[in-house]
Each structure stands twice: as structure tokens, then as C-alpha cells.
Amino acid sequence: MALPFLPGNSRNRQLGKDRFHKSQHFDYSNGVPLLMGTEKPGIGGELLLGQEIKPKFSVYPKGEGSDLPAWVAFDKQALCFEAFCKEAETQAQDEKYRIRKFKIFFFLEDDTMQVVEPENKNSGIPHGTVIRRQRVPLPPPDDDQFYNIFHLNLNQQMVLYARTFTVTNCDSFTRNFLTKLGVILNNPATAPDDPHSRLLDKIEKGMTPLRPYERRDTLKQFLDHDREVLRFSCFWDDSESVFGDPHQLILHYYLSDDTVEILETITPNSGKDNPAKFLHRSKLPRHSAMMKQPGQMTDRTVLNVFDSNNQGKRYLLDSLKTGAVQDDYYVDSDLRVGGEVNVWGRRVIITDCDDFTKEHYRSKYGIEEFTPLQYKGPVAPKPPRPVPPYNGFGSEEDSLSSCQGLLPKPPQKDFRKFMDKDRCGLESNILNFRAKMVTSDPVDRERVFVISFYLSDDSISVFEHAQKNSGVLGGKFLERGRVKKPGQQLFKSQPSEYFTPQDLYVGATLVLNDKPFKLLDADEYTLNYMEKHAEEFPKANVGNILSKLRSIGEEKRSEIRKFLALSDPSKTGFIPYESFRGLMSGLDCVLSDHEVLVLARCFSQSEQQEADVGLMLAVAQDILRKKQFEDLPHMARNFLHCDWHKTGRLSSKEVRSICKASHLPLPESLLTALLSKFADGDQIDFHAFLTGIDWVENAAPRVMPDDILKFGLNVRSDAGGAAVKKVNYSSLLNQVFGFIVNNNADPTTTAAS
């Protein structure tokens with residue numbers, strides 16, 4: 001007994017369904033609205049009662065492995081079949097039908113087909129695509145279906161748009177693909193002969209052209225050796241002819257077509273015109289001495305020519321080539337270093353070749369001997385070109401440039417030296433010396449100068465310090481530029497000598513524009529730079545200085561020991577610098593003041609008093625207060641920005657860079673001393689540093705002017721050599737003379753070790 005059709009007693013077919021769209025039954029065809037038929041499904045894509053929807057595509061083979069769609073799995077894959085069709089011929093008398101051959105392509109991705117007819121020469125029929133790529137319907141009454149992969153087989157007929165094609169064969173890919181699908185292929189068939197094709201073949205075989213030129217296929221040689229050229233250096237001696245002389249030639253052999261090209265090398269100022277080419281690119285015969293006349297060299301020979309009034313002019317060609325002129329041409333195997341080449345009667349000798357040519361003969365012919373042939377004598381030296389003397393206009397370099405060419409060029413500067421020795425960060429590459437003028441004038445004798453030597457371009461500038469109540473205005477004394485050494489002629493051909501870095505050292509006398517200056521001292525950077533580059537500055541080379549001291553005699557050594565011992569009554573092993581300087585100046589080895597200073601610095605005693613941090617901060621605040629520096633909050637933000645790890649510490653390099661970027665108006669010596677006080681290794685506590693120099697929030701007591709001088713804020717040049725207080729003479733004697741000083745012994749009886 002069936003349940004009544006009441007709510008709750010019947011199954012709801014809408015449960016679990018998520019598609020409720022309606023199919024579109026109306027569409028436009030050529031701009032006319034039409035009902036597209038009853039093939040559209042119902043609501044949600046469900047079939048109506050009694051409705052069967054045919055699939056859009058035909059049968060696809062089931063894929064193995066990943067379930068990819070057909071348009072991905074079979075992309076760019078097509079089955080190829082050979083077919084023919086027989087057509088009736090009504091316009092030809094001798095032909096009743098024609099056999100036309102086609103290629104049928106079946107594309108697996110969308111079941112489309114394409115029919116193409118290959119080109120057949122002189123057939124009179126347009127070839128190409130017969131049926132464009134599309135889905136082809138089956139013949140009636142199944143015209144509502146399309147061809148699929150199972151409709152294709154060999155030795156059977158297919159009706160494509162009312163034209164019957166007979167499939168004869170297929171390619172290997174098609175055969176393997178259909179076999180894997182389980183399709184049993186028929187045996188291949190052969191297409192019948194085409195009467196029209198047989199007629200065309202018969203006519204073509206019977207044709208005897210009047211000029212049957214032979215075809216020489218050189219494409220392979222061209223493709224294999226294109227852009228490959230053998231290069232030889234050659235020599236042709238034409239001295240025996242009138243006004244003849246030797247010629248230097250370059251021979252190019254092109255491997256792509258076995259042609260030869262010869263160029264002549266014309267040396268400058270030889271009095272010869274530069275020809276385009278010595279020999280144009282062509283094949284070079286071996287034994288020919290003269291060029292052939294036009295028509296003398298032909299591919300075919302005419303055996304007989306006769307004239308007939310009835311039949312016109314006739315001629316016969318030599319098909320056996322009995323009268324052909326054979327000429328032998330040079331090939332690559334004939335060209336060797338040291339060999340001869342006949343260039344139209346000219347004896348050309350091959351003297352050398354390039355590396356590519358050597359590798360070609362080494363790999364192809366196994367030749368290893370490529371000794372160049374010497375045919376020229378030694379090159380005559382070029383005559384010297386005398387330079388006219390300097391005329392006094394401009395600089396010597398500019399005048400010399402005007403003599404080196406018609407178009408004067410500006411003198412070239414040493415750019416590499418400029419890049420290496422230019423200012424870079426804290427490295428100024430400038431040597432500064434304190435000097436005084438050597439003169440009898442009491443006013444000029446007290447003037448103090450700073451001579452700066454710029455290593456980037458060997459230029460010198462002189463600046464004079466202003467002194468109170470001296471009556472002389474300070475400032476720039478000499479503009480920066482290269483300075484010539486004294487004692488040179490003005491108008492001469494040789495270039496003038498300029499001052500170099502080696503000419504400047506403590507104790508040297510420089511004559512700058514007829515003004516003599518004596519170098520009294522140098523700043524710390526200059527001394528450190530010269531000692532660091534001792535190979536460039538002999539006066540700062542400690543090894544050379546010690547060698548001079550070792551050359552002193554034995555008697556002088558004993559006197560030096562006694563003098564040093566008497567100068568140190570406390571037996572500390574140290575003597576004052578002035579005593580050491582006076583001793584070294586009186587030796588026979590003649591040490592300059594700079595060498596004595598370098599030797600004292602090498603064996604000096606570092607006496608640096610521990611500075612008071614509070615006093616240093618007070619001095620720094622006093623300087624910032626006078627400069628009205630109020631950018632400390634901005635510096636604090638920069639420090640926090642660079643402190644990524646939020647540790648409150650930065651490296652000394654980063655702290656120094658931020659101070660320089662913020663234009664902190666503190667002297668370099670004071671800034672270095674302050675950073676060293678707040679440093680823990682390479683890390684600096686920037687919070688404590690900023691708090692200490694903050695003159696607004698954390699004001700320190702006022703400082704006296706004398707306190708500022710305690711930290712070396714003035715220029716070191718005023719200190720002179722007194723910066724070295726004491727010299728360790730015991731270490732010096734031990735290293736130079738091998739003496740071991742006993743501080744408790746009598747200095748007059750101390751023996752050498």
C-alpha cells in the first residue's frame with residue numbers, strides 16, 4: 001500500500017541540490033531571435049522526461065595517472081592519415097579521372113579535423129587546406145553526430161562534406177596511439193596511379209633544355225664554415241721592377257666558399273696611397289698568370305653553330321664537356337707558413353698566421369710547425385723629436401701639448417693617483433709642516449707658516465698664522481699649486497722638476513718662489529703617515545736610520561755610551577729629548593732633524609696624564625655653549641634610530657659618524673678623548689655621552705682658559721719636538737749596538753755585552 005502524497009510522507013527531491021538555474025531556450029542567429037530547440041535541459045541542468053542530451057564532444061580515451069582534462073593531456077597532439085579521392089575529369093580528352101592525394105589530421109584535444117592537399121607541381125589545381133580545422137559531422141542520416149576517434153581506420157572510406165576519401169596509411173604515432181586504445185587497424189592500402197601525373201612525368205623526362213646548367217650544391221659548406229676565415233701575413237718583393245719596393249700583404253681565405261682576398265698594409269707616412277684591395281675576393285687559380293677574357297671560361301662548350309633559312313639558327317652543346325677548360329684553384333691545404341702563392345704571376349710568400357688559422361691546421365691536418373718566417377731586418381729606431389724650449393706662455397705642459405699635435409689637447413692628469421690620494425673620510429692625505437722664513441730680517445724671522453703638501457696632485461700651499469702685535473697680517477701666503485725647484489732655467493726644452501713628497505721633512509729648507517723656508521716640525525698625522533709609508537719616505541725609515549748608526553766606529557760608540565750614562569744619573573734608562581737630539585746631531589753619520597725625531601718617537605716614553613672626565617665634559621660644554629649648539633635632541637633621535645637592538649650602545653665608528661653629520665663643534669682631540677671615556681670595548685654608551693655634554697639640562701661649572709689648553713686643543717705645531725719628552729736609550733743601545741745597560745753599574749766601566 002503506497003503512502004498518501006502528503007507533506008512528510010514523500011521524499012523531497014530538492015534536498016542536497018544547489019543548482020536551480022533555468023536553461024536559455026532563446027538565442028540570436030544572424031540577428032533573428034529563434035527558439036533553439038528542445039535539447040536544453042530543465043531546471044538545475046536536470047533532463048526533462050524522455051529527453052536525451054548528446055555529449056558535446058565524442059569519446060575520449062581514459063587517461064592513466066593524473067586525471068587531466070583532454071585539452072591539457074592531448075595538447076598539440078594530432079593523428080595523421082594519408083588518403084586520396086577520385087574525381088571525374090570532363091575537360092581533358094586523354095583523361096577520364098584524376099587521383100588527388102590528401103593529408104587528414106585529427107586533433108585529439110577537441111576532436112577537430114583538417115584536410116590538406118600537398119602541392120603537386122604543374123598540376124593546374126590550387127592546393128593547400130581543403131577543409132579547415134573543425135568538427136566534421138557524419139554523413140546522413142547520422143548528421144547530428146560528429147566523427148570521433150573510433151571512426152578512423154585504414155583501408156576504408158570516409159565521407160567528409162559529400163566528398164569521399166579513402167584512407168590508405170598513417171604515421172607511426174597514429175598507429176601506436178590507436179593500437180593502445182584497442183583499435184584493430186586494417187592493412188595499409190596503396191593509392192592508384194594518377195594518369196595526369198604519369199603524363200607530366202613523361203613530359204618532364206623528355207624535355208632537353210637548350211642550356212642544361214649543372215647545379216652545384218654548396219649550401220652545406222656555407223652553413224658549416226660561414227664566418228670562418230684563415231688569416232695569413234704575406235710578403236711580395238717587387239724590388240726588381242722600376243720604382244718597386246717590398247709589399248706587406250694580408251691574405252684572407254674564406255672557408256665557406258674557398259675564395260681568397262688579399263689586402264695590402266700601408267705603413268703611415270710611406271708616401272703610398274691606400275688602395276681598396278690588392279686582390280678582390282675570388283677563387284685564386286694555381287698556374288694562371290693572366291686574367292681570362294670574358295667568355296673564355298664557360299660551364300658548357302658550343303660544338304657547332306649553323307644557320308638555316310628554313311629552321312633558323314641552331315647550335316649544339318657539348319654534353320660530354322670535351323672542350324671544357326679545367327682550372328685548378330688554391331684550397332686551404334695549399335697554404336702553409338713559409339710556402340709560396342702564385343697571385344696572377346706574382347710570387348707571394350706566406351710568413352705567419354693567426355691563432356685561429358693555427359688551430360684549424362692543427363685539428364684538420366695535424367700540422368704543429370708554425371715558425372714565422374723572418375723577412376725584414378731590425379726596425380730602425382725612430383729619430384728623436386726635439387722639443388722646442390718653453391716660450392713663457394701658459395704652463396710648460398700646455399706649451400708641450402701644442403708641439404705634440406695639430407690640435408692641442410689639455411695635459412692629462414694622473415687620475416689614478418688623484419683617486420688614491422684624495423681626501424677620504426678622516427684620511428686627508430695632506431702633509432702639514434710648521435716652518436719659518438730663513439732671513440736676516442728680524443720681523444720676517446718670527447713669522448710662523450704652515451706648509452701643506454697635497455699628495456693627490458703634488459701641489460703646495462702656504463698659510464701664515466696671525467700673531468698679535470707682530471704688524472703682519474696672517475692668511476694665505478701662497479696659492480695652492482705645483483712649485484718648481486730652484487736653480488732651473490726658465491726657457492729650456494726639458495720639463496722642469498717640481499717638489500715631491502720626499503723633499504719635505506723636518507729640518508729641510510725649501511725655496512718657494514725665491515723665499516727660503518725651513519721646516520721646523522710636522523703635525524701628528526704627517527709623522528704617522530710618513531712612518532706608515534716608510535718605503536716612500538727614506539727620512540722616516542727606521543731601518544735606514546739604524547743602519548747609519550751601526551756604521552759608527554768603536555771609539556765613537558764608547559763615547560755615546562758614556563754620554564748617555566752621564567745624562568741619566570738616576571739610572572732610569574731614559575734621557576730627555578733635547579739631550580738625545582744634541583747627541584745625534586753631533587755624530588758622523590749626519591742624521592737630519594727628521595730622522596732624529598723619528599728615532600726618538602720609536603724609542604720614546606709615552607707620558608700621558610690621566611685626564612679628568614669632569615673637566616673634559618666642562619670644557620666640551622663651554623665650547624658648545626659658546627657655539628650655541630642646540631641640536632642635542634636631534635642627535636639623540638639619530639642615535640636611537642641606529643640602535644636597532646635597543647641596547648643603548650653603538651660602535652665608535654657609528655657614534656663618530658653621527659657627531660660629524662650633526663656638525664658637533666668639538667675639536668677632534670677632545671672628541672676622541674671623550675668617546676674613549678664612554679667606551680666599553682668598541683661599544684659606546686651614547687646616553688651617558690649625550691647627558692655629559694648637555695650644557696642646557698646638565699650644566700657643568702665654568703672652566704678657566706688655562707683648562708682648555710690642558711687637552712691639547714691648540715695646534716701641535718707650537719709644541720715642536722718637545723712632544724717627545726724622554727727617550728729610552730737603553731733599548732736603543734741594545735738594538736743598535738748590542739749593549740746591555742746595567743743601571744746599577746758605573747757608567748764609565750760598563751762593558752759591552
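Reply: Buried means under 20% relative accessible area, exposed means over 50%, and partly exposed lies in between, with a 1.4 Å probe and protein chains only. By that scale Asp514 is exposed, because its relative accessibility is 71%.

Me: What should I know about the source of the model and its numbering?

Reply: This is a predicted model, in which local features need pLDDT of at least 70 and side-chain atom pairs count only at pLDDT 80 or more, while totals for chains, interfaces and linings use all residues. Residues are numbered from 1 along each chain as its sequence is written, and side-chain values use heavy atoms, with hydrogens and water left out.

Me: Where is Asp514 found, and what is its phi near?

Reply: Asp514 sits in the loop between β21 and β22. Its phi is near 65 degrees, a positive value in a residue other than glycine. Most residues other than glycine have a negative phi. Helices (H or I, at least four residues) and strands (E, at least two) are DSSP runs, numbered from the N terminus.

Me: Which residue in the hairpin of β21 and β22 also needs a look for its phi?

Reply: Asn513 takes a positive phi near 55 degrees in that hairpin, which has two residues between the strands. Strand β21 (residues 509-512) pairs with β22 in the antiparallel sense over four bridges, and Leu512 has Lys515 of β22 as its bridge partner. Two strands pair if DSSP finds at least two bridges between them.

Me: In what order do the six strands of that open sheet run?

Reply: The order is β20-β19-β18-β17-β22-β21, with antiparallel pairing. β20 and β21 stand at the edges with a single partner strand each, so one side of each has no neighbour in the sheet. On average, neighbouring strands of this sheet are turned by 30 degrees against each other, direction ignored. The axes behind that angle are lines fitted to C-alpha atoms, for helices over the stretch in contact, and angles run from 0 to 180 degrees between N-to-C directions.

Me: How many bridges join β17 and β22?

Reply: Strand β17 (residues 430-437) and strand β22 (residues 515-522) pair over five bridges in the antiparallel sense. Lys436 has Lys518 in β22 as its bridge partner. Strand β19 (residues 459-464) pairs with β20 over four bridges, also antiparallel, and Glu464 stands opposite Gly475 in β20.

Me: Which elements supply the lining, and how do its residues divide?

Reply: α6 (396-403), α7 (415-421) and β20 (475-481) each supply at least two residues of the lining. The lining divides into five nonpolar, five polar and 11 charged residues. Ala, Val, Leu, Ile, Met, Phe, Trp, Tyr, Cys and Pro count as nonpolar, Asp, Glu, Lys and Arg as charged, and the others, Gly among them, as polar.

Me: How many disulfides does a search of the whole structure find?

Reply: The search finds zero disulfides, a disulfide being a pair of cysteine sulfur atoms within 2.5 Å.

Me: Is Cys602 buried, exposed or partly exposed, and what about Cys659?

Reply: Cys602 is partly exposed, at a relative accessible area of 44%. Cys659 is buried, at 2%.

Me: Where is Trp344 found, and what is its phi near?

Reply: Trp344 is found in the loop between β15 (340-343) and β16 (346-353). Its phi is near 50 degrees, a positive value in a residue other than glycine. Trp344 counts as buried, because its relative accessibility is 16%.

Me: Which residues does a cis peptide bond join?

Reply: Pro140 and Pro141 are joined by a cis peptide bond, with omega about 5 degrees. Pro141 has its place in the loop between β6 (128-134) and β7. Most peptide bonds are trans.
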